[in-house]
Every structure is written in C-alpha cells, then in structure tokens.
Amino acid sequence: MSVIEATALPGRTRNALAWMRANPLIAAGGFMVLVIVVVAIFAPLIAPYPGDAGYATHPLDIFKPPSTKHLFGTDNVGRDIFSRVVYGTRVSPLIALAVVAIASVVGVTVGLVAGFLGGIVDEILMRITDVFLAVPALLLALAFASVLPQSTGSTILAITISWWPWYARLARGEAASVSRRRYVETGRVLGLSRLRLLTRHVLPNATTPVLVQASLDFGGVILTAAALSFLGLGAQDPTPDWGLMVNEGRSFFQTYWWAVTFPGAAILFSAAAFNLLGDGLRDRLDPRRVVGR
Amino acid sequence: MKLEIADLKVAFDGRVVAHVPELEIASGESVGVAGESGSGKSMTAMAILGLAQRLGADVEGSIKLDGHELVGESERNLRAIRGRRIGMIFQSPSSAFNPVLRTGYTFGRVLALHGIDSRRARRAAAETALAEVRLRPRVLDRYPHQLSGGELQRVAIAMALALHAELLLADEPTSALDVTVQAEIFEIISRIRETESMALLFISHDLAAVAEITERVVVMRAGEVVETGATRAVVDAPAHPYTRALFDAVPVLGGEASGAHDR
Amino acid sequence: MTRFLARRVVLSLVVVAGVVLLTFVIARIVPGDPATSWAGPHATAAEVAQARKHLGLNRPFIDQVGTYFRGIVVGRWGTSIHTHRPVLSDLKTVVPASLELVFAAILLAIAVGVPLGLLAARLRGRTTDHAVRAVAIVGVSMPIFWLALILQLVFFNQLHLLPVAGEYALRFQEHPVHAYTHFPVIDAALNGNWAMLGSSFSHLVLPACAVAAYPTGVIARMVRASVLDVAGETHVQMLRAFGFREGTIFNRFAMRLAWNPVAQVVALVFAYSLVNTFLVESIFDWPGLGSYAGESIIALDTPAIVGITLFVALVYVFVNLAVDLIQAALDPRIGLH
C-alpha cells in the first residue's frame, strides 16, 4: 500500500475533492455564490448595525477608519460600511435575478414565436432584436434609466429592456432548428396543434442554452446595475446598493479609502462568483452554443 | 516492409481501450480491423503512429517496423516515419483539410517537410500522385469546400502516395461517402497496392467494405480481439458469436447473408 | 461577393434606421414636458409655448418622426440642453479623446490577452490554465469605476508614479501643438514635442489600464476557446499523422482558423469599451465622450443622451460591418471565392 493510499481520506470526501479538482470553476463559483446567499439570508444576524442599512445616521462617527468596532469603517454620515455591504447582498443579486427572470421569459417567448412561425413574423421580430442588439447593453440601459425616474425599479426595467434581445435570438435559433426536425414535421402532418408542438418539443430543447446564458448573465447584470447606481441613475439613498456606496464615497476617496474599496470589492466578488459559476456550467452543459458577453 | 504488433495495450486512466495480442502486415498485404465504434480499432492505428500518447493514452507492448521498435520511440524519430513510411487517412475528408488553405498549400508543405525541396519538384510529385488517383492538377488550387468528399479523400491518398508510404492506415475512409464513391476509392486503393506494393490497414465498421477489400481481418469488440483470420473464411463461417451477429446484421445485395439466415 | 456585401450593408442600414427610431422613442418618453425643460425653470407661459413651437411638439406624430429622421441624416442631431451647442459638434469635440483611450485600451488588451489565451490553451488543464482563466474572469467581473479609483489611489496617491487628471499636463495647453489627428499622443509625436509626448503618454496609462480590464478578460477567454476548438479538429490530427511538429501545426496552420472568432470579439469589445469610458472619464478628468455623457446624464439632457446613443450604435454597426467584410475577404468559405 502506498503512502498516499495509507493516508487516504474516507471515500465520500475523496470523491468530493476529486470532483472539485475536475470542476474547479463550478466549485469556486458555487462556493462564492453560496456565501452570498447565506449572507443575504442571515444579514440581520451578521450585520452588527442593521439600522445603518436603512435611515440611521451617526453624525459623530463620520469616516472612522476600519477597526474592530467597524470592520470596514464608516461612511460620510457615520454608517457602518460592513453592515451596509452585508445588506447589499440583498440588493444587487435580487436586481440581477429580477432582470434575468423577466428578460429571459420575454426574450424566449419572442424568440420561440419568431423561430416557430418563421416567415415575415420571424424577419420583423429578428430585425427588432438586431436593433436592440446594435446598442451596447450598458448604454441602452443608461439611456432608458436617464429618462425614467431614478429608483431600483427603474434600474430593473432599464436593464431588462436592453437584455431581452439576446434571449430572443437564442430561443429563435433553437426553435428554428428544432422545428425543422423530423419528429416535429411528423407532428405537424399529424395535425398536432402548434401550441402543443411548441411546449412539448421546442421548449424543453431551448431550456438548456437559455439556462446557461442566464447564469452567465447574472454577473454582467450585477456590473451593469452597479454602474447605473454609480452614475446616480439607480437606487437612491439610503438603499445599501454597492454602486451607490462607491459613488457616495468617491469625493472623499483619497483620504478615506475604505468608503470605496469595500463596496467595490463586494461588486467584484459577486460578479466573479456568478461568472465563475456560469462559466463552469457552460463548460459542463453546453460548450458550443453560448457566447459570453 | 513488415509491421509486427505484439501484445499491444492502449489504456486511458487504467482502462484498456484496445488490446491486440498479435498482428502482422507485410508489403502489399491488406488487413482489416472490423468492429463497432468504441471497439478500439482507431486507437490501434493511432498507437502505431505514436499518436495515442498525445491523446493521453498509455501504450504498452511492441510495435516493430522492419524490426525497429516504435513504442517508446522519440517524437523526433516518429515524426520521420509519419507520412513518409506510414501514412494515414481519416474518416471525414471534408474536415481533414484546413478550410482556409488551398489543398495545394497543404500538399506542398507535406512534401517540403519530407525532403522535397524545390517547388517544381513538389509540383511534379503532386501531379504524378494526383494522376494515380485520377484527379486533375487543378484541384490543388481549390479550397476544401470546393471539392467533394470523394475528391478530398483522393487528395489525401495522393499525399501518402507522393511520399511513397509503405503502409497506409485507413480509418473509416469511406464511411462518410456514398457507395458509388466508395467503390471508386476502393478501386484506386487496390490499384495503388499493386503498383506500389503499399500495404493497407483498413479500419471500418462497414463489414461489406471489409469483406471486399481485405485479405485478412481482425474483429474487435470492446477493445479485445474476438476473431482473426482470412477474410473469406471469417465472412463465410464466423467462429465467434459476436462476429456472426456482426455479419448477420449486414444485408447483402443479391446474395445470402452468411449463415443463411432469413431477415 | 457583391451580393453578400450588398446584403450586409442593407441590413446594417435597416438596423441603423431602427436605432434612430429607438432613440426617437427614448427621447419622447421623458416624463414631463420637453418644452418646459428647454425653456428653463423660470420661463413664462409664453416662453414655454414658444419653446414648444420651436421644438415642433405641436405637429402630428408621423411628422415629428419624419423630421427627426431627416434631421439625423442631414446632421442636425438636436441641440444639447446643457451646452446649448449642436449635439453633433459637441460630439466632434469630445469623441477623439475617448477614441484615443479606447484604442490604447484595446491594444493593451490584445497585447496581454492574446498571449495569455495562447498560454492557457497550450497548457490546458494544468495550473497555468486555471490561473489564466481566473484572471480572465476577474477582468470580466471587474467594476471598472472601482478599478479606476483603486489605480488612482495606488499609483498616484501612494506611489506618486502616474498622473491622474486630464490628457496631459496643464502647461502644454499654453502652447498647443498642431492637431493632426486630435490624439494628443500621436500629435505630440508628429510635432516632435517629446515633453508633451511623455506627458500625454503618462496620463494615458492609468485610464487605459482601467478600461482594458474587461476586453483583456474577454480576449483571453476567446483566444483560449478558439485555439482549443481548432486543436480538436481532424485537420490538426491529419497534420500530426503526416509528421508535422506541434509548433508548426499551430503557427502555420491552426492559428489561421483561430483568429476569426477573436476578430469578431474585438469588434464587440470596441463598442463596449467605448461605453465603459463613461464610467472612467469623470474619475480621470478625461475630456471625452464619457465626461460629456456624465454631464448630460446629470443635466437630464435628453437630446445629448440620445445623440450619444445613436453615435455609439453607429460605431458598433460600422465596426461589425468592417470586421464581417474583412473576414469575408480572408475566409474562402464566405461568398467571395
């Protein structure tokens, strides 16, 4: 028996470790996402000053540097940055979830209709999609966000408007290729209703690439939402939105570096977490079809 | 030319995917390796050229080319053999050529690699080889997508021919082509075998093809050799039940399936 | 070939027309009355009515769309509310600075991303591969405005190495060089003004690094994926079977295929980087499109925002068209040969 075998870990742990080594991206991403979810759920318990995520202000504690009392220091009105960053896990990922959910549903519906019906409907819908895709997502979201009243809801709406076209294109591709397949043609000949064909055959096939794209998009939406709030177009004070926090700390940044560093690091962490997970899932499920944005 | 395989084992992560206890090919002979996909046929060919290791396989055993051991040989020496003494053609001719390069470019580079230095000499060698496979020189100016699968496969054969390879490994060369084209390719290969004394290792799941073009056959299943012998004998009276099942599954036009089973 | 070209161009025009329509829609869904915001907060009723007439808001909808379209084509892109100058001339002033930034960032991204991607592909599955992929993901997940601030903090505040404000030191504005290209770095070089060249170059470094993070990540991943894709194809296997060295196979044969998807990605990140400058320019006092956009957003300057959107969309469509045409010229499988 070799030394390695003699010091071997129990079977299940060994399998788990082997899996993690084989899928480092999913493992790392999954772990990081898990951290975010746990922090979001238990925010009131983890944050030492939950009130600071809301309307509380502490004028006497402005811009205190990081210490044992305030892990990440305090901001321009004395709020504990650590608490606000913790509560921020409830803001950004939820925005991302809302955007991805709505955009994918709308986009997939449009795409399936276009791909399945074909012809002039397909052409028109796809040209509309092309138009939306001709403007980079951040810019389109910016344009819409600037004409809507500033709030978290507007952020969601603005980003969703710029995000749905990709799903439409994806779903349309799936629908078009599946609808040409033999068993669907047979179904048509047999007189199955179009709706049934759509739901029974086309939809399940389209699900995988859409899911993979959605998981890849999470990170991108988090960054876009953060950018919008950084520009002042999204969440408003006192929402503990990370992008907003960076914007608030920006003018004092050179002296009070912690006001910007920690919220920004949180953005990086969460975007990276979802990107890692999405990348890993893509490798596993659908290596050829999906393009990261 | 004599290729001798003795107790060859190709394994991935400890799992043996191909095990050939014995196989010999001499100049001018034609040997088939038959079996379903996954039976280890292609891996055997890759191991001969030393390409299996590149894919991550462990190769044990002996492969001797004219007495010279190839297993464990250096990459440098193997590269000298590849193409020059042992050529290989692949299953999907349309993807076997780089789509953005003219076939003539690839052809020329192959010839230059193996010592034909002047452009004119290369062109001449290519045209001679192409004539043997009944193609006009102008295919050299074409891109792969402008040629048919059959034409591309013939270009591949011509490349092996131009290098005067002594053994041609053909991995499912006609599986992607239709029957009439296949017949043409077989006719060309048979002719070349006669004129050049080129040996042929013909790998295929298509038993009708194997029956037509090989003198001896090795039947593989799940990595192991289940039967070997003269093709005629094995086809007429397969000893192993797997071989029987394999041949029975092939409908033969205008004749009886081996074993005279009704379908 | 002409048919392919014609089809692509027509399609692009249709898309551009659609974008114009889209910007019209955006401009019109502004809550509140454009006439009021044009006339200003202290305007009288008469002045607001005057503004309404001036802006053509009384005319039927189709009429307004038509005028809008015609205006765009002719070059009348509206007037900026906060600068009171035509949007188009505003754009002409600010775009070169951003283009300089984006070009620098893309060049940097290619210089770093391509070798990293090649390295990761070559050493697939090993630690280096995972490390490169991790770096690429960090690049793609990076909040650019945060990176810009951190770079400032480290390289300016702490290390005092690089400047952070403007395109070049203020003293050079007193004796401006002849502007051939409106790119300070190139103009300085063309004028032989080495001091200014040094200044404008050092000012370019930090902003370019900030903007380069995203494209570097994207390019590295794309190169890696593309090379691995090609490496798995039969023609690579065949070249090996004919005795070619690995190095030759890649450099001479495989890479020619691998560039295609990478080129497309560069077109995409070009437009994205142009938009990313919006997040970075105000931090570096960079007088480009991003700063202009920032001011327009704060001022809720709809004509300006719409003009910017239209401009970037045009750039994107044009760059994509250019890349498609170049690919068609180089790839024999597409329409041409």
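The legends below describe several views of a predicted model, from its chains to one of its cavities.

Local features are reported at pLDDT of at least 70 and side-chain atom pairs at pLDDT 80 or more, while totals for chains, interfaces and linings use all residues. Residues are numbered from 1 along each chain as its sequence is written, chains are lettered from A and ligands numbered from 1 in the order in which they are written, and side-chain values use heavy atoms, with hydrogens and water left out.

**View 1. Chain A has 13 helices and 0 strands.** Helices (H or I, at least four residues) and strands (E, at least two) are DSSP runs, numbered from the N terminus. Of the 293 residues in chain A, 53% are buried, that is, under 20% relative accessible area with a 1.4 Å probe and protein chains only. Among the contacts in chain A with a separation of 6 or more, 72% join residues 24 or more positions apart, a contact being heavy atoms within 4.5 Å. Chain A exposes about 13,200 Å², of which carbon and sulfur atoms supply 67%; such areas come from the Shrake-Rupley method with a 1.4 Å probe.

**View 2. The second largest cavity is lined by residues of chain A.** A search of the whole structure finds 3 cavities of 30 Å³ or more, a cavity being a set of points on a 1 Å grid over the protein atoms alone where a 1.4 Å probe fits but cannot get out.

**View 3. Chain B comes to 9 helices and 10 strands.** Its radius of gyration, taken over C-alpha atoms, is 18 Å, close to the 18 Å that the globule rule (2.2 Å times the number of residues to the power 0.38) gives for 263 residues, so chain B is as compact as a globular protein of that length. The C-alpha atoms of chain B fill a box of roughly 55 × 45 × 30 Å along the principal axes, and 51% of its 263 residues count as buried.

**View 4. No contact joins chain A and chain B.** The closest C-alpha atoms of these two chains lie 14 Å apart. Of the 2 pairs of chains that touch, chains A and C have the most contacts between them.

Terms used. On a 1 Å grid over the protein atoms alone, a cavity is a set of points where a 1.4 Å probe fits but cannot get out, and a pocket is an open set with protein on both sides within 12 Å along at least five of seven lines; lining residues have an atom within 4 Å of a point. Grid points are joined across faces, edges and corners, and a volume is the space filled by probe spheres set on the points. Buried means under 20% relative accessible area, exposed over 50%, partly exposed in between (1.4 Å probe, protein chains only).
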